[in-house]
Amino acid sequence: MANKEAIERADQQLLAELGYKQEFKRAFSPLQVFGITFSVMGLVPSITSVLIYSLPNGGPSAMVWGWAVASFLILCIGMSMAELASAAPTSSGLYFWTHSLSSPRCRNLLSWIVGYANTIGSIASVASVDWGCAVQIAAGVNIGNQNFVATQAQTFGIYVAIVFSHGVICSLGTDIFARLQNLYIFINLCLCFVIIVGLPAATPKEYINSASYAIGNFTNVYGWPNGYAFFLSFLAPLWTIGSFDCSVHISEEAANAAIAVPWSIVGAVGISGLLGWAINVSLAFCMGSDLERLINSPQPMARIFLNSFGQTGTLVIWSFVILCQYMMGSSMVLAGSRQCFAFARDGALPLSNILYRVNRSTGTPVNTVWFVAVTSALLGLLALTGAETVNAVFAISVAGLNVAYAIPIAVRFIFKNDFKSGPFNLGIFSLPVAIIAVVFMAFVDVVFFFPTTPQTSTQNMNYTVVVVVGTLVLSLVWYYFPVYGGVHWFTGPVPNVSKDHTANQAST
């Protein structure tokens, strides 16, 4: 008990040194912090949602080798972010680090850009996760009744119901959500081993692929050059092993945050990379060679399961896939609401005076929870215009977050600053790892702005660039708006605790 109290005092003191008072209960243990990061990645349901991006852009080779290459590079991003999280564990996270490490000449503007990129990336992540869950529920009905195929409007209705249910769950007390993380970890791991071990054991011989096909076949459906198609397949691992800033945004609710948060990022990214690779290898060997049938099916993973487990077995496994995807969505709403709460705390969001409130009954930022839920539901309207815009929602989450991740990692080394490492640091490897991370994020953001096929039209263009760049342009318009714009009043993170209070905490 004494040790727990000492850790809590140290957490509060460190947060006060960063300029913020303790407003949330620190209900998340280190394991539970890892749990929320790992559950956001939700390997099996995530791979289920994004398998459609690797199958036509390289097929088995993209699934196996594309995942291996991308997951290593994503780990570099995670390690660079973990260093920053260890040094300054606050819910303000990425835009706080950007402001504290940038030159005074541009720190306010860069912090503003990162805050908005992080906000739109988080909201798009909620939208993409919950849309994937809606598609999986519709696919589950199709598994039971082959004659049923959900329309976009029906899927959207399911999606809205899921998003709003997450709003209700995330409005509850933090203690409840923290305890759920242990269950999330267990179910996610069980699903992983069902696919890695159970799928090969259950798959009939006619669907088993040879080693040369599973690790060597390259199928390019959409017509881009093979190399470029291979890079397009990176959307699958980048979306799956993504949004690991979620643990950063609950830093002020985590015990021993300077250690728990960075290790949750590195641990979740590393474990997800390895287990995800094993899942993809299992799928490559057990999915059969008729890729066209898989690509054209309502849900490729559901078709693979039906071929291997039969209808009854697939329905049982599929119910847990849906459950895990639903868990992912609730974790994303939680993390997104904390990002918006922190940004509103510093006055940067519209209606910040309303959004920056903690509900007295639940001890949670209910207003920002519903801000994230409603804006995510509105973003989901894009899906009603066609399949290509659904792809854009997934790409927006990756592209938006990459902008938010890359800038604080880069400014740490570009500008002169007094960065002091926390308990987690890479030592002499910090700079080379950061260079790899930033270059990779810049490269894939450009890749994901291109359409799915070289021959495009108004209906199937890639709307990622429109939404991401459009949002950032609008945020800049507001920043430079005459008289009322952020340039006239935004000064970055706003301390809400005095230096005297910090000194008093340190002496107690």
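This is a predicted model: local features need pLDDT of at least 70, side-chain atom pairs count only at pLDDT 80 or more; totals for chains, interfaces and linings use all residues.
Residues are numbered from 1 along each chain as its sequence is written, and side-chain values use heavy atoms, without hydrogens and water.

L351 sits in the loop between α15 (300–345) and α16 (352–355). Helices are DSSP runs (H or I, at least four residues), numbered from the N terminus. The phi of L351 is positive, near 60°. V483 has a positive phi too, about 70°. Its loop runs between α20 (464–479) and α21 (499–507). V483 is exposed, at 59% relative accessible area. Most residues other than glycine have a negative phi.

## Helices α2 and α8

The axes of α2 (residues 30–41) and α8 (residues 174–202) come within 8 Å and cross at roughly 55°. Axes are lines fitted to C-alpha atoms over the stretch in contact, with angles from 0 to 180 degrees between N-to-C directions. So α2 is oblique to α8.

Contact means heavy atoms within 4.5 Å. Among the α2 residues that meet α8 are L31, F34 and F38.

## F413

F413 belongs to helix α18 (residues 387–414). Beyond its neighbours within four places in sequence, F413 contacts S430, L431 and A434. The C-alpha atoms of F413 and L431 are 7.4 Å apart.

Conventions. Helices (H or I, at least four residues) and strands (E, at least two) are DSSP runs, numbered from the N terminus. Angles under 35 degrees count as roughly parallel, over 145 as roughly antiparallel, 65 to 115 as roughly perpendicular and the rest as oblique. Buried means under 20% relative accessible area, exposed over 50%, partly exposed in between (1.4 Å probe, protein chains only).
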